[in-house]
Structures are given as structure tokens and as C-alpha cells.
Amino acid sequence: MNFSLSNKAIASTKTDCLVVGLPEKGTWPHSTNQADEALGGLIKKLQKAGDLSGKNATTAAIPLTDQPWGRLLVVGTGNDADRTPANYRKALIAMMTALKDGPSKSVAVALADTPVTGDDAVSSESARLSLIGRTLEDQLYTFSDFKSEKPTARKLNKVVVVASSATKDLKDAFNLGLATGRGMNFTRDLGNTPPNICHPEWLAQQAKKLAKDYDCIKTEVLDEKQMEKMGMNTILAVGKGSTQPPRLIVMEYRGGKAKDKPHVLVGKGITFDTGGISLKPGEGMDEMKYDMGGSASVFGAMQVLAETQPKINVVAVIAAAENMPDGGASRPGDIVTTLSGLTVEILNTDAEGRLVLCDALTYVKKFDPAAVIDLATLTGACIIALGNHATGLLANNDDLANELLAAGERAGDRAWRLPLWDEYQSQLDSNFADMANIGGRPAGTITAACFLSRFAKDYRWAHLDIAGTAWHSGKAKGSSGRPVPMLVDYLMSHAGK
């Protein structure tokens, strides 16, 4: 697909389809007025007749003759006062739904001059162009690698987005949006790959490939022997029941100054989770291939960095293992010694994500991080608490938490902060070890974060529980690509100029 930015007047832009926005109530964008004038007032006539409502996310395709455009796609953008970034994105998604499998080979999108409510970070033309770029990429996503009958190739192959100018700032914003969409799609590819292929060593191979494709990425992979020598016993304990050995994957992007402390991303990489000896119910277990959603999101963010090369240092650490129940698997009641030296009584082998993460959180101290953010499909309790709309956020630093919340708002990839009070820590008490790996049913998301917090005391740390946001269940089953937009926004907000 060919994407580009243009400030050429739409009246002289030859294309198969021109896309304009029509508000239900509010001021018409300049591009819509231009198109209407070129068409002799056709859009106004159709709106007055009731054929075009302007209701948000509605679309209407109008065939044309004797125009530089073969057809006109009018996208309803709702009321000016209600056009939040989220509602604007709904209109963009509706546009792509109408276009992606349609007859047009080339499209000119004139929606960047449609106003959006909010401060400049979300309402500026740069922000709108970034969101358009991201939506173009992520709405064209398909995953048919394992289907014998491939979908028919789309006719659409060229999209020109109309902007007020072709300045570097606007081009950079648009390209960042495109890169973010591609990062989301990389995340989705990883998450959708079946577990008989996507295992810890395969994930390690993807990290090596990323380093091969981009000179700015450096990758190191620790195998089970190296981890055993270091004392990373909790990652090893999770992987004991599988023939696929665990891996600790480290990727470094060094785009900032040598003295700048890196921002560290830590991803849970459970490539399949049966629950181990604490076996999960069979219904829906196929979705446990998505239990590496945290690591997939880290991969997606790293690809965006590699493509855009901002001035920032970032280290990504992925704790990858497969949680299976064979004769060598860990048992409820086992006690293991973590890399930190603290001991853990495993009361439930299905609470394995925190076990692989705790060793990774201890390992990353070596990088002297500016901040550490871990991502994990960690608890079903988070889905009960927040549903599928918001990522759960817990942190030991208010400033870091607020930065991530703000990044999520700007990116339309929202999170909600939960408390991390000391009162919850006692639920992890064990009679036989320094702590248990579960704290009972009450506040399950919080006690999981409490467990992780014990290994993150030496730096600013935040935990993102993406159990409800990393994938879609039901008819639209598949990886969502979240929270790559939030991560990218957060990292870019810390990049140097």
C-alpha cells in the first residue's frame, strides 16, 4: 500500500475516490466546501433532502461523472462540540470499512481539516494526521497466514491524505501514525500466530530478525542454562512442564545520548498457558495463545522506534515461557528462590505470569533505568473490574502513572489507575516462604501488582494489566494491537528534539 501526504488542492487532485467529512451540526470543513462548490452544491442538496445526515460514522458513496474523482465518499462526523478524538476515530474506521474492500484503487482523504475537541495535543492537525495514519494501517490489517484459501487481493493500493501544508512536522506526525499502525499490526501478527509455532525460541528468533532488519536494534537472548546460572529460578519453574525451554529476550534501542538513562519495557511472554498443574477449563483455552500479549506489544513498540528513530534510549526485556502440565511441572506447594533472593511459595501454577516477570524486573536493575513499565495479560480480575475498554495501571510513582494515563488519553488507548496500597500486601503472606504467588480472590489485579512491586523497589515502575485490552474475544477474536499506541506516545513524549 502506498501512503502519502499532499497539500495539493482537492479540485485538482485526480483520484478514484475523494473522501470528505460532513458534520451533523457545525461548521463545514474547507475541503468539504471546496468539493461542494466543484459539484455545484450537490452535497448541500443531498443533506437538505435527507440523503446525507452527517451523523457520526455514517458513510455515503456518490458516483460522479466529469470530475477529477470517480466517486465521492461522504463521512458523517457528528456535532462539532461532540467530536472527541475517540469519535473522530470512529468516523475514520467507518471510512476505512467503506473503502478497504471497495472498487477504488486510489483514494484522497480530506479529513485532516475536520476539527476535533480538546487541547492541542489531541486536536491539532498534527494529532489528526497521526491518528489518520494509524487508522489507515490498522484497519487494513488481515491475518490469513494459515488459511489455505487466501482472501482476494484488495483493489485499493494508493491513499493520499490531504493536509494544509507539507511541512516536516506534519509529515513526521503522519509517518509516526503509520509506523504506530504497523507496530500494532506486528503485535497482532505475533499474538495471532498459533502456539505450536509461537513458542519462546520462536519469539527469540523474531527479536533477532528485528535486529537484523534494523541496525539500531541490538538483541541478546539468554537460554535456560544461562538463566539457571544467574538464579532466574521462577522463569525456569514456569517452563519446567514444557518441552519448549524458556528464553529471556533483551532488545536495546539506543537513539539518545550515551548518558541518558533508558526507559525499560518488560513483557510477559507466556506463549501458551494451560494453567500448568492448576489446569484451566478447556472451554476458551485456545485464547491462551494470547498470553504473550505483553511481549507482543513490546515488540510492536520496538518496531515503531526502529522505524522512526527518536532520540531516546529504550531497553525491552521479554520473559518467555510455555506453561504446561507434565511430570516435571511445578506443583502447588513448591517453593522457588527468585533472582532477587526472595522465596516464593507457588500456591497456584496458573499465576505464572508474575513468576516470569519478577525475575525480569530484578534483571533490569542492571540498566539503571529512568523508568520501568511491565505489560502483561496478568489477571482475569482486571477484565471483571474494567472490562475491555481500559488497561489496568498500577505504579509506585505518581508522576510515572500520570504520564502513562496522559499518554493513553492522547492516543485513545486509555488506562485506569488502581490502588497499590500497603494494606493489600498482607494477602501474599506465606507460612513457609517470603511470599505466596497469589493473594486470594479479593482484589486479584491489585495483589498481583503487589507481588511485582516487591521486585521493583529500586526504580520508578508501572504495571499495565492488559488482560482485557490485548485481544478481542467472540466473533472478532484476535489480537487488538493494544497498548502499542499508549507506549509509543509515552516514549515519544520523552524523546529529545
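**Before you start**

This is a predicted model: local features need pLDDT of at least 70, side-chain atom pairs count only at pLDDT 80 or more, and totals for chains, interfaces and linings use all residues. Residues are numbered from 1 along each chain as its sequence is written, and side-chain values use heavy atoms, with hydrogens and water left out.

**Stop 1: the two domains**

Select 2-162 for domain 1, then 183-495 for domain 2. These bounds come from an automatic or database domain assignment. The C-alpha centres of the two domains are 37 Å apart. Eight residues from domain 1 and 13 residues from domain 2 make the contact; contact means heavy atoms within 4.5 Å.

Between them, domain 1 and domain 2 bury about 910 Å², with 60% of it on carbon and sulfur atoms. Buried area is the accessible area (1.4 Å probe) that two parts lose on being put together, summed over both. Now pick Arg134, Tyr141 and Phe143 in domain 1: they lose the most area to domain 2, together 55% of what that side buries.

**Stop 2: the annotated binding site**

Select Asp273, Asp350 and Glu352, which the UniProt annotation "binding site" (unreviewed entry) covers. UniProt positions are in the numbering used here, feature names are shortened, and annotations may be inferred rather than shown by experiment. The three span 80 residues in sequence, yet no two of their C-alpha atoms are more than 8.5 Å apart, so they gather at one spot. Of these residues, Glu352 is included in the lining of the largest cavity. On a 1 Å grid over the protein atoms alone, a cavity is a set of points where a 1.4 Å probe fits but cannot get out; a pocket is an open set with protein on both sides within 12 Å along at least five of seven lines; lining residues have an atom within 4 Å of a point.

Zoom in on Asp273. It sits in strand E9 (residues 263-273). Helices (H or I, at least four residues) and strands (E, at least two) are DSSP runs, numbered from the N terminus. Is Asp273 buried or exposed? Asp273 is buried, with a relative accessible area of 2%. Buried means under 20%, exposed over 50%, and partly exposed in between (1.4 Å probe, protein chains only). A polar atom of the Asp273 side chain lies 2.8 Å from the backbone nitrogen of Gly275.

Next, Glu352. Look in the loop between strand E12 (343-345) and helix H11 (353-363). Glu352 is buried too, at 1% relative accessible area. Leaving aside neighbours within four places in sequence, its contacts include Lys268, Asp273 and Asn323.

**Stop 3: the annotated active site**

Select Lys280 and Arg354, listed by UniProt for "active site" (unreviewed entry). Lys280 and Arg354 are both in the lining of the second largest pocket.

Lys280 is in the loop between E9 and helix H10 (293-308). At 21% relative accessibility, Lys280 counts as partly exposed. Not counting residues up to four places away in sequence, Lys280 touches several residues, among them Asp273 and Asp350 from the previous stop.

Arg354 lies in helix H11. Arg354 counts as buried, at 7% relative accessibility.

**Stop 4: Asp413**

Finish in the loop between helix H13 (398-411) and strand E15 (415-417), where Asp413 lies. Asp413 counts as buried, at 1% relative accessibility. The backbone nitrogen of Met486 is 3.1 Å from a polar atom of the Asp413 side chain.

Notes:
Polar contact = N/O pair within 3.5 Å; in protein donor to acceptor, adjacent residues only side chain to side chain.
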